[in-house]
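Subject: Handover of the two-chain model

Dear colleague,

Please find the structure below, handed over for your own work. I would be grateful if you read the notes after it with the model open beside them.

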Amino acid sequence: MTQPVEKKGDRFIIPIGPQHPALKEPGHFEFTVDGEMVTDATVRLGYVHRGIEKGVESRNYVQNLYMLERICGICSHTHAMVYAMGVEKLAGVEAPPRAQAIRLIVAELERIHSHMLWLGVAAHEAGFDTLFMYSWRDRETVMDLLEALSGNRVNYSANLLGGVKFDITPDQVKDILEGMAFLEERNRHYLEVVMNDMLLLGRIRGVGTMSKADAERLGAIGPTGRASGVARDVRLDAPYGAYRTFKPVLMLAETGDLEGRFNVRLREIMDSIRLIREAVTALPEGELTTRMPRRIKEGETVSRVEAPRGEAFYFIRSNGSEMPDRIKVRTPTIFNMATVLTLARGHQLADMPMILVGIDPCFSCNDRMVSLKRQGEEAAGGDAVAGPVMTWNEFRKAVMR
Amino acid sequence: MSEIFALLIFPSGLFLLGLGMAYEWVDRKLLARFQNRIGPRWFQPLADNIKLLAKEEVVPDGVNRLLFIGLPVVALAGALTAALYVPAFGLPPAYSFPGDLIVTIYLLSLMTLCIGLAGANTISRFSLIGATRTLTQLFSYEAPFMLTMLGPAIVARTWQIGAINEFAGAGNWLLLTQPIGFIVALIGLMGKLEMPPFDAPEAETEIVAGALTEYSGRGLALFHLGKGVELVVGVTLIGAFYLGGIANPLEFLIKTGALMLFIVGVQALMARMRIEQTVGLWWRYGSLLVLAQLLLLLIWETIV
C-alpha cells in the first residue's frame, strides 16, 4: 500500500504507527517535520482497547483477578496485586505478612524484568543492538526465576484475594540470591556502558530534556518523572503491604533527559535487587492466605501501587454482590504520553523513537477508555457531552462491524 | 567466448554475486555471534534472494515505472562493472586501463545514487526522508573516501588499480605509512554500505527501511545483491591498497576476512548516529585528517 504525501498546507507529516518497526504495540503518532526537525506531534491511542473494565462488571471477584492480570503483559503482577489489595481493603481483610512479602518479591522481580526489557528496547531504538541482545539475554535470568516460583513467565498469577498462591522454599531462596548476584554484576556493567559509551551518550545526553516544572505540569510519574527530579514513588509516599517493612530508596536524577531516564531505571534495578535480597532473607513465617468472603460488602475504595512505569491506580466500587459494580483502572503510561508530545517539538525525527520509548509506553495498558462525540457536535472540554451518546447496543454495532 | 564467460560466470557475474552473498553471510553471522545470537545458516542470503526474486514486485502508485524498475538494475550493474577492475578473489583484474581507479570509485557511488533516486522517485514519506538522508550521507563520506583512495595512487604513481596492487604487493604495507587513510577508508566503506553506526538512512525504528521502503521482490533482491557485491569490491580495494596487495585467492580470503572482522566489530560496538552527527564526523574529523595526510604525502613525494 502506498502512503501518499499528505498535503495539509505546507506540512510534511511522518506517521509512526499503528504498524511501525519502532512500536511493539499499536499506537499512532503523527510528527510534522521541517526537514529533520519535528515541529508538531499528535497521538492517537485506543487501538488495543479490549473493554476489560466493562468485562469485569459481569464477572465475580475471583474471576476478575485473572481478567485484570491480563491488562498488561509486563506488569501483570502489579495489576493483580493492586486489585487484590483493593478488594481486601473493601472486605476488611488483610493478607498475612508472609504473603505480603512474597507479593513484594514478585513485584520487585517484575520491576527488574520490566526495566531490563526497557533497556533493551531503548538500546534498539538507538540502533545499539548489541546492548539490546545482551540485556535481553540477561533478563532471562529473572524470567527463569519467576517461572521457577510461579510456573509462568508472563502472567505469574501469584495473587489470591487474601494472600498468594505459592510459597518460596529455602531452595528457591538460594536460586534467587544466585540470580540476584549475577544480575547485579551485569546491571552494574550496563550502567557503566550507558554512562560512558560516547556514541550512545551522543544519542541520549541532552535529548528529550524535561525540566522539573514541566514534569510537574504535565503530570509525569514513575521513572520518567523521577528522571526530572519529581520525588514521587507510591512505595514511599503511601507504603503498602511489605513496603512498610522493606523500604526502597528513591532514585532521582536532575538532568531530565534520556540519560537521566537510563540512569534512574538502571539504579532502580540495583535497588530492587537489594530489596529482594532483604525480603528473601527476612521472609516472615506464617500462613499464605486468609479467608475471604465471597460477597464483598458495599462500599468503594481506591488502591495504589508503584508499577515499574509509575503509579497504577484502581477504583473499586462494590454493591454487596459477588460482582463489582465498577472498576476503574488508571495506568501510568497515559500521563507520560503528554510529555512525549511536548518534548517532541524542536527535536529531530531521529530522536522521536527514543523520546517515545523513554517513557516506557505500554499501549494496551492505557487503552481503556473511549470517549465518543456525536457527529458534528464538539464536546465542551472533551467528554462533557450530556447524556449517553450511544446505547450499549449502538456502540457494539458501531465498533464490531 | 572466454570474454563472455569472464563477464557472466567467472570471475565477474554469477561468481561475484555468490561471493557477495557469502560476504553478506559472514557479516550477518559474525555480527550475530558478537551479539550472542546464533545467526543465519550459510545459505540464508541465497535463500533470501531466491525467495525475493520469485516474489511479485509491487510497483506503487505515483512512481515513474521505468525508473522504479530500472534503478535496481543500474545499481547492480554498476557494482558488477566496478568489480571488473579490482583484483577480486586475488585474480588479476579482468579489465584494466590507466585511470580505472577513478572509474571504479564513480561506479561504486552509483549504487548510493540509485538508492537515493529510488527513494525520491516514490511518494512514500519514509522513502523521501530516507532518500534525503542517503544523499546527505553520500556527500559526507564520498570526498574523504575518494581521498583515501588517492593516497595509495600518489605513492604508487599510477591511477591503475592493478598497478597499485602490484606496488603494494612489493612489500609496501601502506597501512603502516598511511594509517589514517586506512581507517577512514574502512569507515567510509561502512558509510557507503549504510552499515551501523551509519545506518541512519535506513534506520528501521524511524523510517522503516528508508529509501527502499516501497521496494519488494525483484527490485529489493537486486539492491541487496548489489550491496553484497559492493562490499566485496570495497574490502578488496582496501585490502589491495593498504594491506600489502592481493596476489592470490588465499591472500584475498585472509585479508578481506580480517577487514570483515574489523567492520563487524565496529558495527557491534556502536549505537546508530544521527544524520547530522554522521555529517559532522566526516567533515570535522574524517576529511580534515585525510587532507592533512594527503598534504604530507604530496610534500614527501615532491621532496623525495
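Predicted model: local features only at pLDDT ≥ 70, side-chain atom pairs only at ≥ 80, totals over all residues.

Residues are numbered from 1 along each chain as its sequence is written, and chains are lettered from A and ligands numbered from 1 in the order in which they are written.

The secondary structure of chain A consists of 15 helices and eight strands, where helices (H or I, at least four residues) and strands (E, at least two) are DSSP runs numbered from the N terminus. Of the 401 residues in chain A, 46% are buried; a residue counts as buried if 20 or more other C-beta atoms lie within 10 Å of its own, as exposed if 12 or fewer do, and as partly exposed in between, with C-beta atoms placed from the backbone. Taking contacts (C-beta atoms, placed from the backbone, within 7 Å) between residues of chain A at least 6 apart in sequence, 68% join residues at least 24 apart.

Strands β1 (residues 12-16) and β2 (residues 28-34) of chain A run antiparallel and are joined by five bridges, with Ile13(A) bridged to Thr32(A) in β2(A); pairing here requires that DSSP finds at least two bridges between the strands. β2(A) also pairs in the antiparallel sense with β3 (residues 37-44) of chain A, over seven bridges, and Glu30(A) has Thr42(A) as its partner in β3(A). These two strands, β2(A) and β3(A), form a hairpin with two residues between them, and Gly35(A) in the turn has a positive phi of about 70°.

Helix α6 (residues 170-196) of chain A has 27 residues and spans 39 Å from its first C-alpha to its last, close to the 39 Å expected, the expected span being 1.5 Å times one less than the number of residues. Its buried residues are Ile176(A), Met180(A), Leu183(A), Asn187(A), Tyr190(A) and Val194(A). An α-helix has 3.6 residues a turn, so residues three or four places apart point the same way. The cover over the buried residues of α6(A) includes α4 (97-125), α5 (129-150), α7 (198-204) and α11 (258-281) of chain A.

Neighbours within four places in sequence aside, Ile105(A) is in contact with Ile168(A), Ile276(A), Ala279(A) and Val280(A).

Between the chains, 29 residues of chain A are in contact with 29 residues of chain B. On the chain A side, α5(A) supplies the largest share, five residues.

In chain B, a cis peptide bond with omega of about 0° joins Pro196(B) and Pro197(B). Arg157(B), in the loop between α6 (125-156) and α7 (161-169) of chain B, counts as exposed, with 10 C-beta neighbours inside 10 Å, whereas Glu194(B) is buried, with 22 other C-beta atoms within 10 Å.

Best regards

Technical notes:
Contact = placed C-beta atoms within 7 Å.
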